[in-house]
Number of protein chains: 2
Amino acid sequence: MKKTILLLLLPLLGSAQNPAYKQASNYIQQHKEMMLEEFIQFLEIPNIATDKINIQRNAEWLMAAMKKRGIGDVMLMYPTTKGAPPAVYGEVRTPGATETVIFYAHYDGQPVDTTKWALGLHPFKPVLVPGIYQTDGKPLNIREALAQETSRLYARGASDDKGGVMSILNAYTALKESGIAPSVNIKFFFEGEEEAGSPHLQEILESYANKLESNMWVICDGPLHQSGRKQVVFGVRGDTHIEVTVFASKRPLHSGHYGNWAPNPGMQLAKLLSSMKDDKGKVLIKDFYSDVTPLTAAEKEALKKIPNVDEALKSELGFRYPENPDLSLSDAVNLPSLNINGIQSANVGKLSSNVIPTKAIASIDLRLVAGNDWQKQQQKVINHIKAQGFFVTDKEPTDEERKQYAKIAMVELSSGYNAQKTSLDHPFAKRITKAVATTSSTPIVLTPTLGGSLPLFIFEKYLNTKPVTVPIANHDNNQHAENENIKLKNFWNGIETFMSIMTMQ
Amino acid sequence: MKKTILLLLLPLLGSAQNPAYKQASNYIQQHKEMMLEEFIQFLEIPNIATDKINIQRNAEWLMAAMKKRGIGDVMLMYPTTKGAPPAVYGEVRTPGATETVIFYAHYDGQPVDTTKWALGLHPFKPVLVPGIYQTDGKPLNIREALAQETSRLYARGASDDKGGVMSILNAYTALKESGIAPSVNIKFFFEGEEEAGSPHLQEILESYANKLESNMWVICDGPLHQSGRKQVVFGVRGDTHIEVTVFASKRPLHSGHYGNWAPNPGMQLAKLLSSMKDDKGKVLIKDFYSDVTPLTAAEKEALKKIPNVDEALKSELGFRYPENPDLSLSDAVNLPSLNINGIQSANVGKLSSNVIPTKAIASIDLRLVAGNDWQKQQQKVINHIKAQGFFVTDKEPTDEERKQYAKIAMVELSSGYNAQKTSLDHPFAKRITKAVATTSSTPIVLTPTLGGSLPLFIFEKYLNTKPVTVPIANHDNNQHAENENIKLKNFWNGIETFMSIMTMQ
């Protein structure tokens, strides 16, 4: 009875026509409560890549969830480096199938600053609400949430990327429980340190290269196109980071007794940062754009077809102009970028005090496109900092260095990876695109490059295989920030997307 | 027996010659343990001006400490504004005296960020150590601390300014217990919200103007001259603050999907801040220096006599050049300043994540000299922000404003006060200077203007009386920041300084 009510209240999924497939969709409709309960349980386990104990708990929880589904050969794939998070692997052989698709998602999440989450929310205490979270609103229980089209689930990883993990696993469950055989062999690979920059993924891929043979990787990460349309993405930007710390006095100084005599690190950092971009958002660092590979004709054509959402986004996000008023979003993500993730020098607001701080720190994110090399890109920034008159060091300056140099910057380099691209004409990718299209009543978006980054470059390098990305999350999911969430609708649609790929022709 | 040992181990105080005075110095020597215990007890009470409950506890503790000393008319002076911290007042009439000196110090302290204090230190858990605090060192007990010349006491308020309060009270105690009559009537006035900018001091002075009649205020706040010499200070800079928040997107964005398209508030703030000063530390804000009153000939003369400590300070503080390499410290504090107290945009370090933050905040401190008006000085900064193309508002921008303006800055103004000066030739000030000089074997420093700020301007305005400032703390006391401390030696010398003023001729 309960299930019947839910079925009546909720819209039918997708547009798949064949009756067996319809049966699988019905299975999802009838098991939403159970699937949501399980998803929430998963989200309750903290999943920061550096939190070893909880990462292990996530991996074990995931193994159990996969075994329960009858997935074979479930195991933890550890990198050779001790102490790094394992990937969780499993596989399903389809009798007669000659092709294999690996479904990738990651179970770790971005670091959290719990103080920034809205009152009533916590990254690891999932909350269901009727729409965008309102601090004065009432949380819903699972049945109430399922009865509303606009419901969202708030938690770290809801969208990025435990939502991906669970929609892949539930797609398989729905097919299996409905007696529908996949058309390909299926492998599952869930990474545990993607948000830390995947420093050990390469080790895992090398160690388990045989086990990980496939025709194509299907990556579930990132959001749908901002137009709300489903998209298949053929490339991702690369990514690396630099943290720059500018040093002034060795101890914090009274801003009265020393103000306009002692150097101020915040002002030095402000001058350094502002030297990095012009007023139209163009990066002024020497050779920043010089090694970019030009777009192919097919990519240019695909870009033209992407619905332009710039005006809608500007209105939704509340700013008048993009950083460069002449650049559209889909063009912008085809360029390398330099973005300030954070700045800190002493305190502001109630914690602010009358000091000249000792240092000022900027956390800088560099996105890369085809042609860029992540280490070269870092080096260009270092060269720029030097060209601004800074002595650059990789550790806290010594007394001797403080005496010798007028301006000192400590530059800490993170690891990183290059961009990756799969050709829009890749035959296997074309079949996946076609399968996804059957689940959507509106045309799907073919995106040459996602603005975001995934370590797809190394699949190509170490496994000699190509990936495509099939995201499922709503674009306004706050991934990487406070108040991360997923629309339940996207979660259900995501399950159907992966069912279509698992049964593709 | 115990006391004799201490007497032998410790150097004799000051250089006062007369035998009665010597007796008072001996009283201090013999009661150091007791005085230090009491001081530590006082420091254990948290003293942030906004923490009403603890501020009240401080005030009551202080009343009890004054009554115990036999000080008369002890009372809390409340401002007319409800809920604001009271000043603690008391007085001692000297038979035959026709002149009155009010001793001022403040019992509140700067806000604390406990996470920034060194491991093993806490702002309200005082710790005694043999010198500059080392995280691997062992704390001393009181007796051990008293046996070492270089001992320091670490706690919020140790120097700024509970150390001032207790050295004034102990000076009176030492005289009284040694049977030495002061030469003037003594009044005590201990403020409770100096570090919050003294927003209600004026109300207290107006309400209690009769009670607060005097020939001169002696202010104990700030550090000794960096040369280590005692100083009498004839003026202070004024002070006010501005907090500037620059807004970008309404929600934090994924730095990959939106990086180099969505505006970055950190970059906008960096460009705004760097427009405020040139590379030599000169403030570029229009008319910033235009209303400064030129120094008098006597002041210029006094400035020349101040020992130049620039080279020693640069070496101690660990930087090669001051902000303006051509400006000496003592010249710099005679100019208005603009100093960045803090900057924040999202997070850095381990808490940093791949976002484009929603806003970036700078906390800016404006110091003022004679001729500057604090509200005009704030307005000059606002005009400058507008001239950089920002729409300036005093609250979070509305959706309408976000649509209308490309760059938006919220400017929050703090209250403030102007600079104050007492003439170097003021007869009463000259007598105080002479008294302090008797306690020092090296010449004392006469400073026309302290770099720091105190609301001395309003003593003049509401009580028609002049102040001079007589600081006691070591210059490297970290006041206003983490790891605040006082050298015990400075505390004992400070007591003697105030004894000399209470008995001045």
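The contact between the two chains takes 82 residues from chain A and 83 residues from chain B, two residues being in contact if their C-beta atoms, placed from the backbone, lie within 7 Å. The model is predicted: local features need pLDDT of at least 70 and side-chain atom pairs count only at pLDDT 80 or more, while totals for chains, interfaces and linings use all residues. Residues are numbered from 1 along each chain as its sequence is written, and chains are lettered from A and ligands numbered from 1 in the order in which they are written.

Several elements of chain A give two or more residues to the side that touches chain B, among them strand E9 (235-247), helix H8 (265-274), strand E11 (337-346) and strand E13 (359-368). Helices (H or I, at least four residues) and strands (E, at least two) are DSSP runs, numbered from the N terminus. E11(A) gives the most, with 9 residues. By class, this side of chain A has 33 nonpolar, 32 polar and 17 charged residues; Ala, Val, Leu, Ile, Met, Phe, Trp, Tyr, Cys and Pro count as nonpolar, Asp, Glu, Lys and Arg as charged, and the others, Gly among them, as polar.

Strands pair if DSSP finds at least two bridges between them. In this pairing, A:Gln344 stands opposite B:Gln344.

Chain A can be laid on chain B with an RMSD of 0.0 Å by a turn of 180° and a shift of 0.0 Å along the axis. That is the relation of a two-fold axis. The copies are superposed by least squares on the C-alpha atoms of residues with pLDDT of at least 70 in both. Because 100% of the interface residues of chain A are also interface residues in chain B, the copies meet through the same surface.

Helix H8 (residues 265-274) of chain B has 10 of its 10 residues buried, so it is largely enclosed by the rest of the structure. A residue is buried if 20 or more other C-beta atoms lie within 10 Å of its own, exposed if 12 or fewer, and partly exposed in between, with C-beta atoms placed from the backbone. The cover over the buried residues of H8(B) includes H8 and E11 of chain A, as well as E9, E11, E13 and helix H12 (374-387) of chain B.

In chain A, A:Pro357 lies in the loop between E12 and E13. A:Pro357 is buried, with 26 other C-beta atoms within 10 Å. Not counting residues up to four places away in sequence, A:Pro357 touches A:Pro252, A:Pro265, A:Gly266, A:Ser345, A:Ala346 and B:Gly342.

Chain A is divided into domain 1 (2-125 + 154-234 + 422-502) and domain 2 (238-295 + 334-417), with bounds that come from an automatic or database domain assignment. Their centres, taken over C-alpha atoms, are separated by 36 Å. In the contact between them, 9 residues of domain 1 meet 10 residues of domain 2.

Chain A also holds an open sheet of 3 strands in the order E4-E5-E20, with antiparallel pairing. Its edge strands are E4 (127-129) and E20 (485-487), each pairing on one side only. Strand E5 (residues 152-154) and E20(A) pair over 3 bridges, and A:Tyr154 stands opposite A:Asn485.
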